[in-house]
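User: I'd like to go through some of the labels used for this model and see what stands behind each one. Can we start with the surface?

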Amino acid sequence: MTNPPRYTLQPYKGIWSRYTCPQCLRHKVFSRYIDITTDEPIADDVGRCSREVNCGYHLKPSEYFKSIDHRPWTIAGNGNGFGYQPLTYKDFEPSYLPKRVIRQTVRHYDDNHFVQYLAAKFGREVAYSQARLYLVGTSKHWPGACIFWEVDNADRVRTGKIMLYNAQTGKRVKEPFNHIAWAHVLSQKSGVYSQKSEKTNDSRLWTKDFNLKQCLFGEHLLQYYPRMPVAICESEKTAIIASIYYPELLWLAAGSLQGLNAGKCKCLEGRTVILVPDVNAYEQWVTKAGQLSAALPAVNFRVMRFLEDAATPQQKAAGWDVADYL
Ligand SMILES: [Zn+2]
């Protein structure tokens with residue numbers, strides 16, 4: 001007899017048992033996988049979106065645990081913090097997109113709403129050079145869309161996040177749907193990244209063969225600034241804008257708070273790292289900083305406080321991030 005599965009989708013127990021989807025960001029559409037022995041969710045982003053056609057996000061526990069970033073961290077016997085307990089999950093080598101995708105897309109900034117917004121704010125020269133530095137691409141996926149390439153510190157392309165901004169306001173376009181797509185998904189469909197798997201139109205099947213291992217946005221810059229203290233914020237936009245105002249720090253973006261983990265931060269060993277939370281998120285980032293410090297003692301993590309202090313109640317209510325201040 002085989003054992004019953006250890007993880008299952010959380011049964012519906014009211015609207016509180018449904019969450020915000022990490023891909024389409026719609027509220028109350030996301031079912032998490034829970035560990036049946038503890039009733040605890042595995043992670044915020046392990047689960048299934050109910051918008052199968054318009055979103056299709058489904059991260060299974062087996063896929064999640066395939067990533068070395070996500071192997072469970074357990075408390076070490078010596079009580080000195082966290083030890084790393086390898087389980088039966090196999091290490092996996094991340095897949096990479098061909099480097100030519102950078103060359104092909106890091107241009108045409110006149111058609112890039114996000115870069116045009118930066119140009120209106122900081123002038124064309126600053127905007128274009130900062131966009132090139134951060135490898136911001138222009139995508140045809142939607143007219144005006146940009147790509148935030150995630151290139152690691154060995155110049156390998158992990159994926160790219162495609163988003164659409166309003167060129168006037170600099171806000172993300174979320175109507176009539178949230179404009180977000182992933183380069184590793186699209187490039188497999190279009191054959192840029194060819195796979196041995198059978199032909200299918202189902203993006204979930206295609207992505208299964210791409211071993212996605214995300215890195216920090218801006219991580220490729222670490223090699224050029226070996227001693228510079230690093231600041232990490234949530235959004236790519238904030239990182240780029242902050243890098244113009246605070247060039248004494250090397251600004252990187254985690255993509256989301258959930259996206260910040262020990263695996264991604266390993267490349268920061270030996271540095272001082274200032275975590276810059278969005279307004280309202282200070283406490284969560286302090287918790288995260290504690291976990292990261294325990295896992296990576298060679299990184300000196302600090303959490304920036306001033307935004308939380310400076311925010312007015314209206315700003316807090318609107319969930320402002322650093323870029324709104326700068
Ligand atoms: Zn979704």
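Analyst: Accessible areas come from the Shrake-Rupley method with a 1.4 Å probe, and for residues only the protein chains shown count as cover. Leu 133, Tyr 224 and Tyr 225 form such a nonpolar patch, with about 280 Å² of accessible area together. As for the ground rules, this is a predicted model, where local features need pLDDT of at least 70 and side-chain atom pairs count only at pLDDT 80 or more, while totals for chains, interfaces and linings use all residues. Residues are numbered from 1 along each chain as its sequence is written, and side-chain values use heavy atoms, with hydrogens and water left out.

User: Why does Tyr 225 count as partly exposed?

Analyst: Buried means under 20% relative accessible area, exposed over 50%, and partly exposed in between (1.4 Å probe, protein chains only). Tyr 225 has 30% relative accessibility, so it counts as partly exposed.

User: What makes the site of the zinc ion tetrahedral?

Analyst: Four donors (N, O and S atoms within 2.8 Å of the metal, or 3.2 Å for Na, K and Ca) count as tetrahedral if all angles lie between 85 and 135 degrees. Here the angles among the four donor atoms are 104 to 116°, so the site is tetrahedral.

User: Which residues are the protein donors of the zinc ion?

Analyst: Cys 21, Cys 24, Cys 49 and Cys 55, each through SG, lying 2.3 Å from the ion. Cys 24 and Cys 49 are both buried.

Technical notes. Patches are made of residues with over 30% relative accessible area and no salt bridge: like charges are joined within 9 Å, nonpolar side chains (Val, Leu, Ile, Met, Phe, Trp, Tyr) within 5 Å. A salt bridge is a side-chain nitrogen of Lys or Arg within 4 Å of a carboxyl oxygen of Asp or Glu. Four donors count as tetrahedral if all angles lie between 85 and 135 degrees; four count as square planar and six as octahedral if opposite donors are over 155 degrees apart and all others between 65 and 115; anything else is irregular.
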